[in-house]
Structure formats: structure tokens, C-alpha cells
Amino acid sequence: MTAPTKPMPHSPAAPGDSPEPTGDALHTPVIAWFDAHARDLPWRRPDAGPWGVMVSEFMLQQTPVSRVLPVYEQWLARWPRPADLAEEAPGEAVRAWGRLGYPRRALRLHGAAVAITERHGGDVPTQHAQLLALPGIGEYTAAAVASFAYGQRHAVLDTNVRRVFARAVTGVQNPPNATTAAERKLARALLPEDARTASRWAAASMELGALVCTAKNENCARCPIADRCAWRTAGKPAHEGPARRTQTYAGTDRQVRGKLLAVLREAVTPVPQAVLDRVWDEPVQRARALDGLVADGLVEPLPDGLYRLPLT
């Protein structure tokens, strides 16, 4: 049975509107929907362990599940424990990251593996504060690992969860561009008191946002809380805040960085500057992208104009 929750904060409903849904009114249908419709993902299986959960959380940041799955499987096969990754050069993490994008996540995950090995005997720590102290671990990832790997009670706020809460409770189409104190307060108020239920609620609300309450073309007919969704009840008013940020790729420094890294990932020996020069015609942008990779620790410059993935 779902444990009682704290009262919900007031939302700006107009007179005569239906009352805002409480945590109790949301937990049971969303968790029941999750039990019936959750995707069978490898990091959700019991044998994934805390390390598998942590790897998935790094990889899933800004990257869809379909692209993560093959890289995740290869990663865990090669480095089934943090210590296995820690023994490798950080450049190997960058190489194995492939085309997931935002490759600094690979360096951060390698740094976390080193810290886990050195500070925690090779086991992903159980305490939220210890997770948060690891390099490359922020508020979201620490809460997600503590919740999904260890069944603890934490507010897990990713983009999908924030969108579900914005619509179902606050009555707006989209959450703010950056997580606000009000969102954190709402997420804490919605948490079931029971840790196991809270962990299921975190996973269920995230899955609901990923599969049903999507950014575009939401499927209210499949939503288990459509009848109590504040945004739907209000007639789905259009987003009135700042324009949603859109990410471009073609022609950007990100694209150039990706092309440079692709050459270095495929190379078994250091790569001459002349080879890297062939990946992009515009020399100023190419040089800027390469300098950025060096500054970020993703590429190591060597004498005689050679470059390689980092060894230290």
C-alpha cells in the first residue's frame, strides 16, 4: 500500500477548477501503469548492480535509450566493475564512448571509477552524500543512483519527470529551462514516505514522461492520470515562458569536435596534425575545436604535431 505523503503545495488554479492532484492520487495509478508497461532495460534488471545503474545514468544524459543500449552492453562486458575501468587510461573510456556525444561524460565516468576504487574499495557507495562527492556526479545522478540502485527515498528530477510534474500538478505545458527551487520543493512534496515506493515512483514518473507525456505529441489516451492532470483539465494552454532551447549540430563546433575525435578513436598510434586537418575545411573553426578538446582533457597533444586520446 502506498504510504501517506505530505500535503501538496498550492498551485495557481482558477476558481472553479478541479482541485490539484495529491501525491496519493498520483502514486498508485502511475506505479501500476509502470508495472504493466515499463520497458525491459538492462540497467533495470537485478543483475545490473549499482555500477550498471551508474553507467546507464551517465550515458542516458542527453542521449536516447536506442543509442545507449549497444554501447552500454559493450561497456559492461569490458568493464564489469569500477576497478576494471579505473585500470585503463582515460582515453580508452573516450574511445569506447563512441558516438554517444558529449564525450566529457566518458572522462567523468572514468574519474568516478577511479575515486570509487580508491575511496570505497571498488564498490559504488551507498550513501547519497558519498555519491555526490564523486567526480562528475551531480545532484540528479547522485539521487538517481541512490534511488534506482539502492531503493532509497530521493527526488529524482530529470527532464521527463519535470515535464510530468509541470503538466499534472502545476498545469503548464513545459517546465522551466533550468530546474528551479519550486520544482525541487514540489518533487519532495510528492515523494511517498516509504522508500521502496518512492524509488518505484521515481522510475515510474520518469518512464511516463519518456513514453506517454512526451515533449511533443503527448498521448493522453494512454496516460493513467489524464483524468486528474491539471494541464489537460485547463485545456492544454500553450507554453507561455521563454522559448524552449533547441540544439543544433550541423556546422557547429560540436560537429567538428566529433569528427576529430572519430579519427583519434580509430587510430592505434598518435595522429599527425595533417590527418586531423582533413576532417574540416575551415581552419579557424577546426583549430578552435581541437583546442577545446585539448582543454577539456579529451585529446593529448604530443611533440612534433601529434595527437592522441589521453593516457593520464
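The model is predicted; local features need pLDDT of at least 70, side-chain atom pairs count only at pLDDT 80 or more, and totals for chains, interfaces and linings use all residues. Residues are numbered from 1 along each chain as its sequence is written, and side-chain values use heavy atoms, with hydrogens and water left out. The protein chain has 15 helices and 3 strands. Helices (H or I, at least four residues) and strands (E, at least two) are DSSP runs, numbered from the N terminus.

**Overall make-up**

- Along the principal axes, the C-alpha atoms of the protein chain fill a box of roughly 75 × 45 × 30 Å.
- Of the 312 residues in the protein chain, 45% are buried. Buried means under 20% relative accessible area, exposed over 50%, and partly exposed in between (1.4 Å probe, protein chains only).
- Take the contacts in the protein chain between residues at least 6 apart in sequence: 63% of them join residues at least 24 apart. Contact means heavy atoms within 4.5 Å.

**Helix H5 and its surroundings**

- Helix H5 spans residues 90-97. Of its 8 residues, 6 are buried, so H5 is largely enclosed by the rest of the structure.
- The buried residues of H5 are Pro90, Gly91, Glu92, Ala93, Val94 and Trp97.
- The cover over these buried residues includes helix H2 (49-60), helix H3 (65-78), helix H4 (82-86), H6 and helix H13 (253-266).

**H5 against H6**

- The axes of H5 and helix H6 (residues 104-120) come within 8 Å and cross at roughly 135°. Axes are lines fitted to C-alpha atoms, for helices over the stretch in contact, and angles run from 0 to 180 degrees between N-to-C directions.
- H5 and H6 are therefore oblique to each other. Angles under 35 degrees count as roughly parallel, over 145 as roughly antiparallel, 65 to 115 as roughly perpendicular, and the rest as oblique.
- H5 passes H6 in a right-handed crossing. A crossing is right-handed if the near helix is turned clockwise from the far one by less than a right angle, and left-handed if anticlockwise.
- H5 contributes Pro90, Ala93, Val94 and Trp97 to the contact, and H6 contributes Arg105, Ala106, Leu107, Leu109 and His110.
- By class, the H5 contact with H6 has 7 nonpolar, 1 polar and 1 charged residues. Ala, Val, Leu, Ile, Met, Phe, Trp, Tyr, Cys and Pro count as nonpolar, Asp, Glu, Lys and Arg as charged, and the others, Gly among them, as polar.

**H2 against H6**

- H2 and H6 pack at an angle of about 155°, with their axes 10 Å apart. That makes H2 roughly antiparallel to H6.
- The crossing of H2 and H6 is right-handed.
- On the H2 side, the contact is made by Trp51, Met54, Val55, Phe58, Met59 and Leu60; on the H6 side, by Arg105, Arg108, Leu109, Ala113 and Ile116.
- The H2 contact with H6 has 9 nonpolar, no polar and 2 charged residues.

**Charged residues**

- Glutamate 207 lies in helix H11 (residues 195-211). Glutamate 207 is buried, at 1% relative accessible area. Neighbours within four places in sequence aside, glutamate 207 contacts Trp33, Phe34, Ala38, Arg39, Arg44 and Val212.
- Arginine 184 belongs to helix H10 (residues 181-190) and is partly exposed, at 27% relative accessible area. Not counting residues up to four places away in sequence, arginine 184 touches Glu139, Leu157 and Thr179.
- Aspartate 296 sits in the loop between helix H15 (283-295) and strand E2 (300-302). Aspartate 296 is partly exposed, at 26% relative accessible area. Its contacts, leaving aside neighbours within four places in sequence, are Arg104, Leu107 and Arg257. The C-alpha atoms of aspartate 296 and arginine 104 are separated by 7.3 Å, though the two residues are 192 apart along the chain.

**Cysteines**

- The structure holds 0 disulfides. A disulfide is a pair of cysteine sulfur atoms within 2.5 Å.
- For cysteine 220, the closest cysteine sulfur is that of cysteine 229, at 6.4 Å, too far for a bond.
- Cysteine 229 is in no disulfide either; its nearest cysteine sulfur, in cysteine 213, is 6.4 Å away.
- Cysteine 220 is partly exposed, at 22% relative accessible area, whereas cysteine 229 counts as buried, at 10% relative accessibility.
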